[in-house]
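Good morning, colleagues. Please look at the structure as I bring it up.

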Amino acid sequence: MTQVAEKLHPWVSAAPPVAGPRWLQALRERGTARFRALGFPTVRDEEWRFTNVSPISNGDFRPAGPSPVTLNRLAQFIYGDAAHRLVVVNGRFSPELSRLDGLPQTVRAGSLAGVLHGGQQEDSDLAQEHLGALADVDDRAFAALNTAHLDDGAYVFIADGAVVEDPLQILFVSSPDAGSGAPVSHPRLLVVAGENSQARMVETYVGTGGSYFTNGVTEVVVGEGAVLDHYKVQQESLAAFHIASMHVRAARSSTFSSHSFSLGGKLVRNDAIATLDGQGAEVTLNGLYLADGERLVDNHTTIDHAQPHCPSHEIYKGILGGTARAVFNGKIIVRQDAQKTDAKQTNRALLLTDGALINTKPQLEIFADDVKCTHGAAIGQLDEDALFYLRARGLTQAEARDMLIHAFAGEIIHRVKVEPLRLAIETELYAQLARDLAEIDAA
Amino acid sequence: MLQVKNLQAQAEGKEILRGINLEVSAGEVHAIMGPNGSGKSTLARVLAGHPEYEVTGGTVLFEGRDLLEMEPDERAREGVFMAFQYPVEIAGVNNAYFLKAALNAKRKHHGQQELDAVEFMALIRERAKALDIEQGMLNRAVNEGFSGGEKKRNEIFQMALLEPKLAILDETDSGLDIDALKIVSHGVNALRSPDRATIVVTHYQRLLNYIVPDYVHVLSAGRIVKSGGKELALELEQKGYGWIEAA
């Protein structure tokens, strides 16, 4: 036990965040205490059975410092010219790289540290009310670790009734700094969408190279009747560790839709947890992931139906090559009061090589009796009959295969409503696929 | 155009074709009939290059070239077309997009310029009309959610676009009502010309009222046991297959 405590010590005491209001200190202390008690998860932990994080827990990490990243370097990760953007580098909000001048008055957004250490009373109050309210630190070690370090990141507060036309991008960048060893950052994002507001946002995680660890937490509060269209693009460097959780609470008659695209990283864990917390709330959690080489991508989702008359939709699809591994765990909870729930879950994975592997598990916990819950999983190679059909019309084996793979991914990509984002995802995904398929053809 | 000599094939270790001999010349329509399990669909699929079947003997020449040496997609680009008995549903692939890719693959193969989107749309609009193909069918995923009749019409529509030298219809009439049968037959007849040939695989004589064959062959247990003119089909219709199998 002493040994464990010593090993965890540097993770939670290496850089004590600067002080702040008492509630914030209390929140951090709770994160620290919970992380110390929980320690890093191991494969003996049911939620982490197939994802071994010892490369992180045994790794030589230190807190990330400032990095002189330029806007030019980030151009490929910024979607469209008109986007409002918040840029966070190595866990620190960057006013220089961000662009907020065009934001309508109904949206307040910027540096989380700015709000925590001053700023307008109204914003501090919102931060105090919502930070840590959704991200559970009792059972989630990485969320606890993030909370222990909670000091900066970004916030987006959308006023009641506001309709935000242009998408808002929140770009989290990991970039090499002056120190030696791999940097770790704990970025935090807080989104509060007011009643009957409408907005579209893209959360992007990228790296400019090398090995590092991003440990992010996002909390999203969707007010009554609000419509929030959310995208997450994980495009970390291929030697990076990415562990992040998104915690959503959808109020009565609100609509929250999220699409997760996991395209980078060496060891990736995405947790998406959404609670339908008012009648008529509707949640969509869709995802597409690609892994090749020896990479690991783990998606854990939880859709928690806490109230009656709520539909939820979920489609996760993966494409795996090399000796990549993937994990999909889709939990749907239907609480006793949540009658007339309509929950649909689909999980499909395409294995391009014999060496690729996926562990998949739907997990339905239903405590109400008048509900509709469906789930389906399909794992496998490309459909031989479809391949032959296309070839019988003159397409080569490779053309037929590419057409089927693109169709497979397209089902998720076509749902992206922000066009420059959709194009960027297509470009990145198809470029990676082309490399993987060329490798398979050469073998 | 097509010379099949002593063709033998098996699937999963089971011998299905036991020495087929068939010669099809340009301009001709041949009907292959026979009871269930006689091997008539296998013959169609072997000619198209279906990977499920292993050719264990014999030769097939298509315009003097060894057809069995060609990959399925090369056969298609060279002008062999099989209308599937069970057209495959392909989720996520737009029907029009697929047709354009198929047509351009063939054009490229023959050194012709690929059609751009505008030229292609003009072409399919013209061909779609004759086969009663609605715009909606073009915008949907290939065969996905199509009725049985729509799938078969879509096969013949593909054939009309690709203009094969040798068309092989694998039980295209099965499951069609009389109206759909007429539409499909009309599509096939429209393509008849002195430089093309058609092989119609069918269990029933009904289709042959509309696509009138020059020759009828009867398959039984993997061999052609009887050949004749179109009147043979009528005889089969009246007497059934029993008298041939018994012979």
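Predicted model: local features only at pLDDT ≥ 70, side-chain atom pairs only at ≥ 80, totals over all residues.

Let me begin with the interface itself: domain 1 of chain A and domain 2 of chain A bury about 1100 Å² between them, and 77% of that area lies on carbon and sulfur atoms. On the side of domain 1 of chain A, three residues stand out. A:Tyr79, A:Phe261 and A:Leu263 supply 45% of the area that this domain buries against domain 2 of chain A, more than any other three residues.

As for the bounds, the domain assignment places domain 1 of chain A at 3-277 and domain 2 of chain A at 383-443. Twelve residues from domain 1 of chain A and 13 residues from domain 2 of chain A take part in the contact. Taken over C-alpha atoms, the centres of the two domains are 32 Å apart.

What of the polar and charged interactions? Between domain 1 of chain A and domain 2 of chain A, the count of salt bridges is zero. Three residue pairs are in polar contact across this interface, with both residues at pLDDT 80 or more.

Which strands of chain A contribute to the side of domain 1 that touches domain 2? Strand E9 (198-207), strand E11 (227-235) and strand E13 (255-262) of chain A each supply at least two residues there. E11(A) gives the most, with four residues. By class, that side of domain 1 of chain A comprises seven nonpolar, three polar and two charged residues.

Thank you for your attention.

Terms used:
Residues numbered from 1 in each chain as written. Chains lettered and ligands numbered in written order. Heavy atoms only, no water. Domains from an automatic or database assignment. Contact = heavy atoms within 4.5 Å. Buried area = accessible area lost by both parts, 1.4 Å probe. Salt bridge = Lys/Arg side-chain N within 4 Å of Asp/Glu carboxyl O. Polar contact = N/O pair within 3.5 Å; in protein donor to acceptor, adjacent residues only side chain to side chain. Nonpolar A, V, L, I, M, F, W, Y, C, P; charged D, E, K, R; others polar.
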